[in-house]
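Biologist: I'd like to learn how to read a protein model. Could you walk me through one?

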Amino acid sequence: DNIEYVNKSTNDKSILIDEVHLSKTFTTHITDNEWYVELSNNRLVFGGCIDKNIDSYDLSNVAGTNKQATSITRRIFKSASLTSISGTEYLDFIPLLAFYSCGSLSSTVDLSNSRFIGKCAFESCTHAKITGLSSKIERVGNTAFKNCYELVSANIPNATNIGYEAFYWCNKLASVDLSSAVTIEYMAFRGCSSLPRVLNLP
């Protein structure tokens, strides 16, 4: 049952087993520069672009189809030269290393529909304006927002697990609500110099 899709430009394998199990019927689309998978439950998994030098992408218009991506694969934009990303408000999960080290990314990244933020997902996105961290968030992985200097708010009252160094050196982070947190790992908020206090700890 392990179904893998391979990005031939990088030979990177992203296992989509969880998504595929939600839908027994799916269709893979491959264009000159992009690939994505449509599932029968109206979900769309964006697999990535062959050209890693793109400077912008709209996840609400995958491959020019006007269809929104509801999921993306691991490492999809890792270390890419992106300066702008849109359509992130449709994603309910940000996987491992998805935007890792996108140091040029300076647009607003709306995570208002996300429930899980994977390990290293936005680590070292030093200029990204990340918004929408709210009550929908259930878990934040290790180093997920490490060195995200423009992150100012993380009011996530339903998050139960905050990973190691999750918000490390988010020096503009000034508002946090962790009222349901069960586990807050070591150095999760190390270097958050604008944070006078962590609000509503359990």
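Modeller: Start with burial: buried means under 20% relative accessible area, exposed over 50%, and partly exposed in between, with a 1.4 Å probe and protein chains only. Here 45% of the 202 residues in the protein chain are buried. Mind that this is a predicted model, where local features need pLDDT of at least 70, side-chain atom pairs count only at pLDDT 80 or more, and totals for chains, interfaces and linings use all residues. Residues are numbered from 1 along each chain as its sequence is written, and side-chain values use heavy atoms, leaving out hydrogens and water.

Biologist: How many aromatic pairs does the structure hold?

Modeller: Rings of Phe, Tyr and Trp (its six-membered ring) pair if their centres lie within 6.5 Å; planes under 30 degrees apart count as stacked, over 60 as edge-to-face and the rest as tilted. You'll find eleven pairs here. One of them, Phe 46 with Phe 77, is tilted, at 6.4 Å centre to centre and 35° between the planes. Phe 46 sits in strand S5 and Phe 77 in the loop between S7 and strand S8 (84–86), 31 residues apart.

Biologist: Is Phe 46 buried or exposed?

Modeller: Phe 46 is buried, at 0% relative accessibility. Phe 77 is buried too, at 2%.

Biologist: Which residues form the aromatic cluster?

Modeller: Phe 46, Tyr 57, Phe 77, Phe 99, Phe 122, Phe 145, Phe 167 and Phe 189.

Methods
Helices (H or I, at least four residues) and strands (E, at least two) are DSSP runs, numbered from the N terminus.
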